[in-house]
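Student: I'd like to learn how to read a two-chain model. Can you walk me through it?

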Number of protein chains: 2
Amino acid sequence: MQRTNFGEMACSIARTLDVIGEPWSPLILRDVWVGMNRFDQLQADLGISRKVLTERLNHLVGQGVLERRPYDNRPRYEYHLTQKGAELVDLLMVMAGWGDRWLAGEAGPPVLYRHHACGQISHVDLRCAHCGRSMHAGDIDLLPGPGAAA
Amino acid sequence: MQRTNFGEMACSIARTLDVIGEPWSPLILRDVWVGMNRFDQLQADLGISRKVLTERLNHLVGQGVLERRPYDNRPRYEYHLTQKGAELVDLLMVMAGWGDRWLAGEAGPPVLYRHHACGQISHVDLRCAHCGRSMHAGDIDLLPGPGAAA
DNA sequence: CTTTTGGAGTTCCTTAAAGAGACTCCACGA
DNA sequence: TCGTGGAGTCTCTTTAAGGAACTCCAAAAG
């Protein structure tokens, strides 16, 4: 994609988009998350061009979201999520939830999520980290924070 | 951006990316969310080209995420979130949360979120819709769902 | 040894999308 | 009747994505 350069926008959404805003990046993270860790696997599964895959992987590694790890003493590498990257999976789960809800169509959702803690098929919901109650679009006020633009 | 056509991927993440995967789209939604509803406002605030803004708005309206609403009997329109679009704000809040946590730097987060229900400055956390406990990358198993590919 | 193989990229060329900025259209108000 | 402002189009240049062939390298095969 075009050099997104939203980063200077004093907006955490824009900054996040600088890391994973290019359209293949979330799909790459999803694949790595579910255990597709190698270049050729990713290329074949996504149908992405090798050139762009190289660029995206380098970018994600450079941003500290993926880690490039040799798995042989030949030039062979696997990509794994870092902690920073694993926390982006939150985003993937919310995306998947919205897609399940609004775009799944007749057939129903392609993937189900079973929560270890309760054993149930479920999905994510957004709660307030402070009080634990529901926290969606209409439930909050926005205030300027310490890092707000001048 | 390039015609992303992930939709046929039997993946709700890919389908969601077909709706808002183009890099400006989340920022457009953010602006509309916080009350920037008009073409020229959006164009000036984002610095996006008018051509691309037109395309993105049409796409988002076509997907039922935004609604184009006349506010005068001249050709003047405002864009507003539909229910489908308002639920995408979940995604924006999670993006913002991740950016706040990993990219905010010295100055701290540019925006704070005050939760109506408890009155506290807070942020979103992902919980299981079924049991209410924490639900993140490592807390789930993925199973094929009814809409899974053959 | 020499050759083959397979993973992991590079390179090059073509096509499609983004950016910039000038131009259009239209109804109201002066 | 002209000027204004919002909401777009049009056209041209630049940049990114796709596709497919090519390279590099070490272990294994012959």
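**Reading the pair**

Tutor: Start with one bridge: Val111(A) has Pro144(B) as its bridge partner, in strand 6 of chain B. Keep in mind that this is a predicted model, where local features need pLDDT of at least 70, side-chain atom pairs count only at pLDDT 80 or more, and totals for chains, interfaces and linings use all residues. Residues are numbered from 1 along each chain as its sequence is written, while chains are lettered from A and ligands numbered from 1 in the order in which they are written.

Student: How many helices and strands does chain A have?

Tutor: Helices are DSSP runs of H or I with at least four residues, strands are E runs of at least two, and both are numbered from the N terminus. Chain A has 5 helices and 6 strands, in the order α-α-α-α-β-β-α-β-β-β-β along the sequence.

Student: What rotation superposes chain B on chain A?

Tutor: Copies are superposed by least squares on the C-alpha atoms of residues with pLDDT of at least 70 in both. For this pair, a rotation of 180° with 0.0 Å of shift along its axis does it, with an RMSD of 0.0 Å. The two copies are therefore related as by a two-fold rotation axis. Of the residues of chain B, Leu126(B) comes closest to that axis, its C-alpha being at 2.5 Å.

Student: How many residues of chain B are in contact with chain A?

Tutor: Contact means that two C-beta atoms, placed from the backbone, lie within 7 Å. By that rule, 75 residues of chain B are in contact with 75 residues of chain A. Helix 5 of chain B gives the most to this side, with 17 residues.

Student: Which residues touch the most other members of the largest nonpolar core?

Tutor: A nonpolar core is a set of buried Ala, Val, Leu, Ile, Met, Phe, Trp, Tyr and Cys residues joined through C-beta atoms within 7 Å; buried means 20 or more other C-beta atoms within 10 Å of a residue's own, with C-beta atoms placed from the backbone. The largest core has 70 residues, and Leu91(A), Leu92(A), Leu91(B) and Leu92(B) touch the most other members. Leaving aside neighbours within four places in sequence, Leu92(A) is in contact with Pro26(A), Leu29(A), Arg30(A), Trp33(A) and, from the other chain, Ile13(B).

Methods
Buried ≥ 20, exposed ≤ 12 C-beta atoms within 10 Å, placed from the backbone. Pairing = 2+ DSSP bridges.
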